[in-house]
Structure formats: structure tokens, C-alpha cells
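Hi everyone, thanks for coming.

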Amino acid sequence: MTTSINTTKVYDEIIDFIAAGTRPQSVIDFKLSHAAQERLEDLVYAHKTGELTPEEKKELDHFLTLEHIMILAKARAHKYITAE
């Protein structure tokens with residue numbers, strides 16, 4: 001595993017995105033930073049290889065919750081765009 005990123009930082013990325021104001025298209029286009037994406041890949045790899053620590057399991061669970069929220073937000077944003 002290479003990149004280390006605190007889950008709080010991922011929350012901050014999403015909070016900053018929302019606080020800056022959004023439009024349906026910007027929600028659809030939203031992506032986490034490269035560092036956050038790399039960390040998620042590291043956590044998934046550790047999970048698949050059985051090397052995930054309990055703390056990393058919690059971190060992965062947070063990532064998955066945030067990912068689920070963003071998937072729902074993106075789906076809703078698509079509805080707003082098609083309704084226009």
C-alpha cells in the first residue's frame with residue numbers, strides 16, 4: 001500500500017464540493033481526488049488479499065457509504081437534467 005489519506009479528508013472534499021454550490025451537471029461530473037481514489041484502491045486490494053486491518057475496514061466502510069451517497073446524488077442529478 002502506498003498512499004495514506006485520512007477519511008476525514010475525503011469527507012472534506014465532498015463537503016467543500018457541496019458548500020461551493022452545485023448544479024446537476026457538476027454533481028454528475030464530481031470525482032474524488034487522485035489521492036483519495038488511490039487510497040480506496042489500496043483498501044479494496046487489502047480487503048481482497050485479507051490484509052485489511054480493523055481500522056482500515058472502518059475506513060473502507062466510510063468510503064463505501066460516501067460512494068453510495070454520491071451514486072444516489074448523481075442519479076438524482078440525471079433526473080433533474082432530463083426534467084429540464
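Predicted model: local features only at pLDDT ≥ 70, side-chain atom pairs only at ≥ 80, totals over all residues.

The protein chain has 4 helices and 0 strands, and along the sequence the pattern reads α-α-α-α. If you draw a box around the C-alpha atoms along the principal axes, you get roughly 50 × 20 × 15 Å. There are 84 residues in the chain, and 30% of them are buried. As for contacts with a separation of 6 or more, 62% come from residues 24 or more positions apart.

Let's go inside. In soluble globular proteins, nonpolar side chains tend to be buried together. Here the largest nonpolar core has 16 residues, and the ones that touch the most other members are V10, I14, F30, L43, L52, L60 and F63. Which helices supply this core with at least two residues each? They are α1, residues 7–19, α2, residues 24–29, α3, residues 34–48, and α4, residues 54–83. The biggest giver is α4, with 5 residues.

Now to the aromatic rings. How many aromatic pairs does the structure hold? There is 1. It is made by F17 and F30: the ring centres are 4.5 Å apart and the planes meet at 40°, so this pair counts as tilted. The pair links distant parts of the chain, with F17 in helix α1 and F30 in the loop between α2 and α3, 13 residues apart. Are these two residues buried or exposed? F17 is buried because its relative accessibility is 16%, under the 20% cut-off. F30 is buried as well, at 12% relative accessibility.

While you have F30 on the screen, look at what surrounds it. Setting aside neighbours within four places in sequence, F30 is in contact with E13, I14, F17, M70 and K74.

Next, helix α3. It has 15 residues and runs 21 Å from its first C-alpha to its last, close to the 21 Å expected at 1.5 Å a residue. Its buried residues are A36, R39, L40, D42, L43 and A46. Just after the helix comes G50, with a positive phi of about 75°.

On to α4. Its 30 residues should span 44 Å at 1.5 Å a residue, and since the end C-alpha atoms are 44 Å apart, the two agree. The buried residues in α4 are E56, E59, L60, F63, L66, M70 and A77.

Let me pick out E56, which is in that helix. It is buried because its relative accessible area is 12%. What does its side chain pair with? A polar atom of the E56 side chain lies 3.0 Å from the backbone nitrogen of T53.

Also in α4 is H62. The H62 side chain makes a polar contact with the side chain of Y11, at 2.8 Å. H62 and V10 are 52 residues apart in sequence, and their C-alpha atoms are 9.3 Å apart in space.

Last stop: Q25, in helix α2. At 36% relative accessibility, Q25 is partly exposed. Its C-alpha is separated by 22 Å from that of F63, which is 38 residues away along the chain.

That's my tour, and I'm happy to go back to any part of it on the screen.

Technical notes
Residues numbered from 1 in each chain as written. Heavy atoms only, no water. Core = buried A, V, L, I, M, F, W, Y, C linked by side-chain atoms within 4.5 Å. Buried < 20%, exposed > 50% of the residue type's maximum accessible area, 1.4 Å probe, protein only. Contact = heavy atoms within 4.5 Å. Polar contact = N/O pair within 3.5 Å; in protein donor to acceptor, adjacent residues only side chain to side chain. Phe/Tyr/Trp six-rings, centres within 6.5 Å; stacked < 30°, edge-to-face > 60°. Expected span 1.5 Å × (residues − 1).
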